Amino acid sequence: MPPSDDARLVDLQTRLEREDPGFPRGMRSGRSAPPRRTRRTGPRWGLAVGAVLLGVGIVLPQGLLIAAGLVVLGMAAQLIDPDAADTTPPSPGRH
């Protein structure tokens with residue numbers, strides 16, 4: 001391999017380790033973890049907390065709990081879809 005290819009591979013490896021340290025470590029050990037962007041445990045907890053807040057706000061007629069539950073549910077639903085954040089429009093010259 002030419003030296004330039006080696007440098008590009010090293011650069012790719014360091015960026016990957018910086019963005020998601022568990023993924024390259026898992027690849028070396030043979031037990032790879034899914035990439036960080038597909039791990040959705042936090043947003044799932046947010047959905048659960050938001051649903052509980054909404055439910056409690058409905059049972060006890062508390063508008064503040066209902067509003068907080070709806071806000072938490074909306075934020076968690078936005079975070080659960082990893083492709084939703086990747087909405088960059090295509091450049092005009094490309095098809």
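This tour moves through the structure from the whole chain to individual residues.

The model is predicted, so local features require pLDDT of at least 70 and side-chain atom pairs count only at pLDDT 80 or more, whereas totals for chains, interfaces and linings use all residues. Residues are numbered from 1 along each chain as its sequence is written, and side-chain values use heavy atoms, with hydrogens and water left out.

**Whole chain**

Display the entire chain as a cartoon. Its secondary structure comprises four helices and zero strands, in the pattern α-α-α-α along the sequence. These elements are DSSP runs numbered from the N terminus (helices: H or I, at least four residues; strands: E, at least two). Colouring by relative accessible area shows 9% of the 95 residues as buried, that is, under 20% with a 1.4 Å probe and protein chains only; over 50% is exposed, and values in between are partly exposed. Of the contacts in the chain with a separation of 6 or more, 29% join residues 24 or more positions apart; contact here means heavy atoms within 4.5 Å.

Select D11 and R15 and show their side chains. The structure holds one salt bridge, defined as a side-chain nitrogen of Lys or Arg within 4 Å of a carboxyl oxygen of Asp or Glu. D11 and R15 form a salt bridge, with their closest N and O atoms 3.6 Å apart. The two residues are four apart in helix α1 (residues 3–19), which means that about one helical turn separates them. D11 is partly exposed at 38% relative accessible area, and R15 is also partly exposed, at 36%.

**Helix α2: R28**

Proceed to R28, in helix α2 (residues 22–29). R28 is exposed, with 58% relative accessibility. Leaving aside residues up to four places away in sequence, R28 touches Q13 and E17.

**Helices α3 and α4**

Next, select residues 41–59 (α3) and 63–80 (α4). The axes of these helices come within 7 Å and cross at roughly 160°; axes are lines fitted to C-alpha atoms over the stretch in contact, with angles from 0 to 180 degrees between N-to-C directions. The two helices are therefore roughly antiparallel, a term for angles over 145 degrees. Their crossing is left-handed, meaning that the near helix is turned anticlockwise from the far one by less than a right angle.

To view the contact, highlight residues including P43, R44, L47 and L54 of α3, and L65, I66, L73 and I80 of α4. The contact residues divide into 17 nonpolar, four polar and one charged. Here Ala, Val, Leu, Ile, Met, Phe, Trp, Tyr, Cys and Pro count as nonpolar, Asp, Glu, Lys and Arg as charged, and the others, Gly among them, as polar.

Finish at A51 in helix α3, which is partly exposed at 43% relative accessible area. A distance drawn from the C-alpha of A51 to that of I66 reads 9.4 Å, for a sequence separation of 15 residues.

Terms used. Parallel < 35°, antiparallel > 145°, perpendicular 65-115°, else oblique.
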